[in-house]
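Here is a short report on one protein model. Have the sequence and the 3D view ready.

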Amino acid sequence: MSSISLTEQSNPDTKDIDLMSSLQIVETINHEDLKVAPAIQKVLPQIAQAVETIANAFINGGRLAYFGAGTSGRIGVLDASECWPTFGVEHGMVCGYIAGGDQALRLSVENAEDSVEMALQDLNDFAPTPKDVIVGISAHGAPRYVMTVMEHAQKIGCKTIAVTSNPDALMKKFSDIFINPIVGEEVITGSSRMKSGTAQKMVLNMLSTGAMILIGKTYQNYMIDLRVLNEKLQQRAIRFVSEITDISEKEAAKYLEQSQNNVKSACVMAAKKCSLEQAQQLLKQANGILRKVI
């Protein structure tokens, strides 16, 4: 058994799950899920190091790219996709790649996780430079797709980060930072979309959100660089300006309109009683960090 990856081993606590009632099944799954957050807590220093590495890359003009296969790839693409509307970053600053391409987001692509060719093609599409950070994601930590990406990225000079549930993951040798929350055997043997997938989602949330906070994409806990794309986000932006500058929502809406739906600029205009051009200049002088302006 010791030669089998931890993520592939059978969970002794769920041996009789097929004999359980529906309530017992969900109780069992819930009990196993409770192990995820404590496992992540044990690797917070490594996650914090990764957050600082990513933030420094952003400050110096670098980018972040996630690479994974199957569930891991889907989670990486999800996190990358959310950065544009949430933090207002430029397209391409955070990218997500899955073995097998966009088709693999919905359907399994045969042999994709073992494809060196797909790995090199996706890495070439990203066109990495030494300024960039590459995050390889894999529960068991040994798909050729991810390992190929990390190996070549390291040779280029990129910082590399591994996120895996397996302490013996082969991709460790290609990682500058090794993030390994040990969540144990899955409820269903080998189904790493479960605890391992949950852990990966939580870790990637920390990586992207933590880095964005460090580069000034929030004020307090407000996502002040959000893109106003619909009515819900319009109302959220108005509320943010109102609460941050302590003015009425009616006034906040006027400032937001004058700022062309830019929450940061609207806040500066309201707080400093200045024009949009003056607000933009003040933000530019503060490297876009609202805390330094108001």
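The largest pocket is lined by 15 residues, and Ala 69, Ser 72, Glu 113, His 140 and Ser 192 lie nearest its centre. A pocket is an open set of points on a 1 Å grid over the protein atoms alone, where a 1.4 Å probe fits, with protein on both sides within 12 Å along at least five of seven lines; lining residues have an atom within 4 Å of a point. The space in this pocket is about 200 Å³, a volume filled by probe spheres set on the points.

This is a predicted model: local features need pLDDT of at least 70, side-chain atom pairs count only at pLDDT 80 or more, and totals for chains, interfaces and linings use all residues. Residues are numbered from 1 along each chain as its sequence is written, and side-chain values use heavy atoms, leaving out hydrogens and water.

| Core | Residues | Among its members |
|---|---|---|
| Largest | 35 residues | Phe 58, Tyr 66, Val 94 |

Buried means under 20% relative accessible area (1.4 Å probe, protein chains only). Phe 58 touches Leu 64, Val 94 and Met 212, among others; contact means heavy atoms within 4.5 Å.

Buried residues make up 49% of the 294 in the protein. Its C-alpha atoms fill a box of roughly 70 × 50 × 35 Å, taken along the principal axes.

Definitions and conventions
Core = buried A, V, L, I, M, F, W, Y, C linked by side-chain atoms within 4.5 Å. Buried < 20%, exposed > 50% of the residue type's maximum accessible area, 1.4 Å probe, protein only. Lists of a residue's contacts leave out its neighbours within four places in sequence.
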